[in-house]
Amino acid sequence: PLAAASSPAVRRLVAQRRPDVVVSTFHLCAQIVGRLRMSGGMVVPSLVVVTDFVAHRMWSHPGNDAFICVHKSVADEANKMTGRPSYVSGPAVSEQFLSDDALPRPIRRKELREEIGADPELPVVLVSAGAWGTGGVVDAVRAIASPRHTTLVLCGRNERLRHGLRDAGPGVVATGWRDDVPRLMRACDVLVENAAGQTAMEAFAVGLPVVSFRPLPGHGRAGVLRMADLGLTSFAADDEALQ
């Protein structure tokens, strides 16, 4: 229903802009343009960049012409589900994550700790729940929080989550939307995430170790398990494993 309701607006936009190709980087968009291509409502080729570690059904509409994926296992999955050509590009991340910061790591860490008021001698654990700040984040942060490290939580645009973390535990610092995530990642010691999504890809690019914990149901858990099986991340199945 969402794809059907959104299709007319996308069709009008394509007619106005007259692009050579339509590239989707979100699974709902892949459904919309795939539906248009299959029905003849859009003649422009459609390319889907699958940013998850699982090509679940929301990504895999057979009306699309080809799929670009972060890993061979994802490309194989997309090809099997759609019969369409699928290729591997690796993670698609901003250039900021690929070019090293000019400041030495100790200086970056010192600046970050001063900015957030953290103990300069303690490690920093970066916690991300994506741009929407979704999932059981508060309970997860309570399990992660410890006087042995600073827990820096990226809440995205979820201000309710940010305020809910005020008393989540010792050393917890909750921050809203940031546009300097590459800098934060280079100054932290480990990323704890719950979705196997774009944030994990960005951490790979800067060389930040990734631990997955309490993943989102469905595609989040499937992607987390896939990354762990491939040896790319660690999966903490419970609070004890996290410690």
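Mentor: Contact here means heavy atoms within 4.5 Å of each other. Keep in mind that the model is predicted.

Trainee: Which residues of H2 do the listed residues of H1 meet?
Mentor: Start on the H1 side. The residues there are Leu 2, Ala 3, Ala 4, Ser 6, Ser 7, Val 10 and Arg 11. Their partners in H2 are Leu 28, Gln 31, Ile 32, Val 33, Arg 35 and Leu 36.

Trainee: Are H1 and H2 roughly parallel or roughly perpendicular?
Mentor: The axes of H1 (residues 2-17) and H2 (residues 27-39) come within 9 Å and cross at roughly 70°. Angles of 65 to 115 degrees fall in one class. That makes the two helices roughly perpendicular.

Trainee: Which strands stand at the edges of the open four-stranded sheet?
Mentor: The order is S1-S2-S3-S4, with parallel pairing. An edge strand has a single partner, so one of its sides has no neighbour in the sheet. Those edge strands are S1 (22-24) and S4 (86-88).

Trainee: By how much are neighbouring strands of this sheet turned against each other on average?
Mentor: Direction is ignored for this value. The average turn is 20°.

Trainee: Which residue of S2 stands opposite Val 23?
Mentor: S1 and S2 (residues 46-50) pair in the parallel sense over three bridges. Opposite Val 23 stands Leu 47.

Trainee: What angle does the direction of H3 make with that of S4?
Mentor: H3 (residues 72-82) packs on the sheet. The helix touches S2, S3 (66-69) and S4. Its direction and that of S4 make an angle of about 175°.

Trainee: Where do the buried residues of H10 lie around its axis?
Mentor: In H10 (residues 219-229), Gly 220, Gly 223, Val 224 and Met 227 are buried. They cover an arc of only 100° around the axis, so they lie on the same side of H10.

Trainee: Which strands are among the elements that cover those buried residues?
Mentor: The cover includes helix H9 (198-206). It also includes the strands S8 (190-193), S9 (210-213) and S10 (234-236).

Trainee: How many disulfides are there?
Mentor: The sulfur atoms of a pair must lie within 2.5 Å. For Cys 29, the nearest cysteine sulfur is that of Cys 69, 16 Å away. The count is zero.

Trainee: Is Cys 69 buried or exposed?
Mentor: For contrast, Cys 29 is partly exposed, at a relative accessible area of 35%. Buried means under 20%. Cys 69 has 1% relative accessibility, so this cysteine counts as buried.

How values were computed
Residues numbered from 1 in each chain as written. Predicted model: local features only at pLDDT ≥ 70, side-chain atom pairs only at ≥ 80, totals over all residues. Heavy atoms only, no water. Buried < 20%, exposed > 50% of the residue type's maximum accessible area, 1.4 Å probe, protein only. Arc of directions from axis to C-beta. Pairing = 2+ DSSP bridges. Axes fitted to C-alpha atoms, helices over the stretch in contact; angles between N-to-C directions. Parallel < 35°, antiparallel > 145°, perpendicular 65-115°, else oblique.
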